[in-house]
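Q: I have a structure open and would like to learn how to read its features one at a time. Could you walk me through it?

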Amino acid sequence: MYPRIRAALDDVPAYVPGKSGIGLVKLSSNENPFPPLPGVLERATVAAANLHRYPDLAATELTCELADFLSVPTEFIAVGTGSVGVLQQIVQSVASVGDEVVYPWRSFEAYPITTRIAGASVVEVPLDADSQLDLAALAGAVTDRTTLVLVCSPNNPTGPTVRRDEFAELLARVPEDVLVVLDEAYVEFVRDPDAVDGLDFLAAHPNLCLLRTFSKAYGLAGLRIGFAVAHPPVAAAIRKCAVPFGVSTIAQLAAIESLRSQDAMRERVDAVVVERARVRNALLAQGWAVPETEANFVWLPTGARTTEFAAACRRSGLLVRPFEDDGCRVSIGGPAENDLFLRTALAQA
């Protein structure tokens with residue numbers, strides 16, 4: 001006989017990471033194609049000499065750096081193990097059995113996982129015909145059982161961003177005792193002047209929480225460090241749900257050094273944005289219905305051909321991220337890697 005396991009876990013889907021393979025071009029995990037920013041590796045190497053010591057539980061230096069960089073008080077910052085880890089802390093802080101969490105679908109895979117682990121019910125709101133979030137429908141799905149609304153902008157895995165005006169309308173419609181999380185994991189890649197920037201809304205909305213990461217634009221995916229920005233009562237609750245000492249000293253110092261390399265980060269992000277436009281335009285010319293994207297990936301709505309398309313990519317020597325019977329997300333890599341993908345896509349068009 002085995003121990004009794006929580007029944008809530010029966011319906012929890014497994015998180016499916018982008019696959020890896022020796023000798024294959026990996027465009028499956030939305031990673032930054034560039035190495036760590038200048039000075040980061042050196043500072044991380046020095047920090048490794050103290051692996052026998054626990055890290056700073058409060059991530060004090062990093063919290064101060066983030067607060068200064070974002071022009072918010074330190075009490076607004078909560079650091080965790082990547083934006084996924086912080087997301088789980090957020091869900092645990094506001095949702096439990098009997099509660100509902102509303103989010104768009106398809107969107108970030110961790111939303112249903114973290115919700116169900118907490119024992120709450122999922123309310124999935126379909127994207128519109130252009131693979132964009134339907135914020136009016138999200139607001140309309142809120143009930144008296146709703147404790148959390150998740151908004152991903154740019155949306156992972158489809159790419160479109162949320163506009164400033166529609167986000168303002170959402171905040172106006174959602175009750176003040178319901179937490180709204182704006183997941184901005186790809187915010188540095190956004191170039192649309194009408195796109196929402198959560199910092200513009202934070203001061204006026206105590207029920208707003210921003211979720212950001214060092215994994216994408218800053219290239220620290222392997223160190224697992226992200227953060228939330230929220231009003232003090234919310235941020236304090238998020239910190240309470242953190243795994244003690246979860247963010248290593250190496251990750252904290254690497255994040256600090258990355259924050260201090262803004263020019264180099266922007267130069268690399270600009271290069272990705274240029275390639276993003278080139279790849280999307282080429283796919284459109286091939287006949288693919290690729291939605292607008294403000295992230296570091298493109299979305300191909302391959303539908304029933306999704307598994308076949310991903311297999312063709314693998315035979316060509318590259319890995320993409322298939323979502324069964326829905327579509328494929330393809331990260332933007334270097335020019336040569338993107339050319340290989342475009343040749344493959346053309347053969348499948």
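A: Gladly. Keep in mind that this is a predicted model. Let's begin with aspartate 11, which sits in the segment before β1 (25-26).

Q: Is aspartate 11 buried or exposed?
A: The number to look at is the relative accessible area. For aspartate 11 that value is 58%, over the 50% cut-off, so the residue is exposed. Its C-alpha atom is separated by 11 Å from the C-alpha atom of serine 121, a residue 110 positions away along the chain.

Q: Now for empty space. How do I read a pocket?
A: Rolling a probe the size of a water molecule over the atoms shows where empty space is left. Here, the largest pocket holds about 510 Å³. It is lined by 31 residues, and those closest to the centre are Tyr15, Ser29, Val84, Phe108 and Lys216.

Q: Which elements supply at least two residues each of that lining?
A: Those are α3 (82-94), α4 (110-117) and β11 (321-323). By residue type, the lining has 13 nonpolar, 11 polar and 7 charged members.

Q: Why does the largest pocket lie between domain 1 and domain 2?
A: Because both domains give residues to the lining: domain 1 covers 7-35 + 262-347, and domain 2 covers 40-259.

Q: What should I look at in a pair of aromatic rings?
A: A pair of aromatic rings is described by the distance of the centres and the angle of the planes. This structure has 12 aromatic pairs. One of them joins tyrosine 103 and tryptophan 105, with 6.0 Å from centre to centre and 70° between the planes, which makes the pair edge-to-face. Tyrosine 103 has 0% relative accessibility and therefore counts as buried, while tryptophan 105, at 23%, counts as partly exposed.

Q: Which residues form one aromatic cluster?
A: Tyr15, Tyr103, Trp105, Phe108 and Tyr111 do. Two of these names, Tyr15 and Phe108, were already on our list of residues closest to the centre of the largest pocket.

Q: And what about a charged side chain over a ring?
A: Here you check how far the charged group is from the ring centre and whether it sits over the face. Arginine 321 lies over the face of phenylalanine 323, 4.2 Å from the ring centre. Arginine 329 lies over the face of phenylalanine 297, at 6.0 Å.

Q: Which backbone details deserve a look?
A: Start with omega. The peptide bond from serine 153 to proline 154 is cis, with omega near -5°, and a cis bond also joins asparagine 156 and proline 157, where omega is about 25°. Proline 154 lies in the loop between β5 (146-152) and α6, and proline 157 is likewise in the loop between β5 and α6.

Q: What is phi of serine 131 and of aspartate 325?
A: Both are positive, though neither residue is a glycine: phi is near 65° for serine 131 and about 60° for aspartate 325. Serine 131 belongs to the loop between β4 (121-126) and α5 (135-140), and its relative accessible area of 15% means that it is buried. Aspartate 325 is in the loop between β11 and β12 (327-331), and at 53% it is exposed.

Definitions and conventions: Residues numbered from 1 in each chain as written. Predicted model: local features only at pLDDT ≥ 70, side-chain atom pairs only at ≥ 80, totals over all residues. Heavy atoms only, no water. 1 Å grid on protein atoms, 1.4 Å probe; cavity = no way out; pocket = protein on both sides within 12 Å on 5 of 7 lines; lining within 4 Å. Points joined across faces, edges and corners; volume = space filled by probe spheres on them. Helix = DSSP H or I, 4+ residues; strand = E, 2+ residues; numbered from the N terminus. Nonpolar A, V, L, I, M, F, W, Y, C, P; charged D, E, K, R; others polar. Domains from an automatic or database assignment. Phe/Tyr/Trp six-rings, centres within 6.5 Å; stacked < 30°, edge-to-face > 60°. Buried < 20%, exposed > 50% of the residue type's maximum accessible area, 1.4 Å probe, protein only. Lys NZ or Arg CZ within 6 Å of the ring centre and 35° of its normal.
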